[in-house]
Amino acid sequence: MPKERGSKVIASNRRARHDYAVLDTYEAGIALVGTEVKSLRAGRASLVDAFATVDDGEVWLRNVHIPEYEHGTWTNHESRRKRKLLLHKGEIEKLIGKTKEGGLSLVPLSLYFKDGKVKVELALAKGKKAYDKRQDLAKRDAQREMSRAFGRALKGRR
């Protein structure tokens, strides 16, 4: 059987970029059991309320919902168990230092297959205040309006 190539997004946390200012991103593998991978291959996962923590020099992904595999038996997995993230030691030490600085969180942005392996895009992020969110929305609306006006001007309309 040929090896898988490319990447396929399973789930993405669209709310994360709205609620957090992303400072840095990391790609990490996840330690999973067989029925979890089968459930992910069916495209079933949710990153709502998910976060990562650093405990005893290891990074753990918490609150990710991977539903039980439909055709699983008594060996099926728990849907919201904590899962170990696989990172290099240097990356883990850097994350420990950054999260202990204060005000920074580890937030999963997306869950995807890359060359047949399940990966998570993890962001080192700082929470946004309400006024920051409003500012971003206003900036995005202004940018959208400018591009529409530019498009109309190119087409010869007002």
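Visitor: In which sense do strand β2 and β5 pair, and over how many bridges?
Guide: In this predicted model, Ile 30 stands opposite Leu 85 in β5. Strand β2 covers residues 20–30. The pairing of β2 with β5 is antiparallel, over 2 bridges.

Visitor: Which residue of β5 is the bridge partner of Val 59?
Guide: Strand β4, residues 58–62, is joined to β5 by 3 bridges, and the two run antiparallel. The partner of Val 59 in these terms is Leu 85.

Visitor: Which residues form the covered face of strand β5?
Guide: The strand takes in residues 83–86. Its uncovered face holds Lys 84 and Leu 86. The covered face consists of Arg 83 and Leu 85.

Visitor: Which residues have the most contacts inside the largest nonpolar core?
Guide: This core has 25 residues. Elements that each supply at least two of its residues are β1 (7–12), β2, β4, α3 (89–101), β6 (104–114) and β7 (117–127). A second, separate core of 5 residues includes Ala 16, Val 107, Leu 109 and Ala 125. In the largest core, the residues with the most contacts are Val 59, Leu 85 and Leu 111.

Visitor: Is Ser 39 buried or exposed?
Guide: Ser 39 is found in helix α2, residues 34–41. Leaving aside neighbours within four places in sequence, Ser 39 is in contact with Arg 44, Ile 66, Pro 67, Glu 68, Tyr 69 and His 77. The cut-off for the term is under 20% relative accessible area. Ser 39 has a relative accessibility of 1%, so it counts as buried.

Visitor: How many Å apart are the end C-alpha atoms of helix α4?
Guide: Helix α4 has 25 residues, 130–154. At 1.5 Å a residue the helix should span 36 Å, and the model agrees because the end C-alpha atoms are apart by 36 Å.

Visitor: Which element of the chain has the highest mean pLDDT?
Guide: The chain averages a pLDDT of 85, and 96% of the residues score at least 70. Among the elements, helix α1 (residues 16–19) has the lowest mean, 82. The highest mean, 92, belongs to β5.

Notes: Residues numbered from 1 in each chain as written. Predicted model: local features only at pLDDT ≥ 70, side-chain atom pairs only at ≥ 80, totals over all residues. Heavy atoms only, no water. Buried < 20%, exposed > 50% of the residue type's maximum accessible area, 1.4 Å probe, protein only. Helix = DSSP H or I, 4+ residues; strand = E, 2+ residues; numbered from the N terminus. Pairing = 2+ DSSP bridges. pLDDT = per-residue confidence, 0-100. Core = buried A, V, L, I, M, F, W, Y, C linked by side-chain atoms within 4.5 Å. Expected span 1.5 Å × (residues − 1). Contact = heavy atoms within 4.5 Å.
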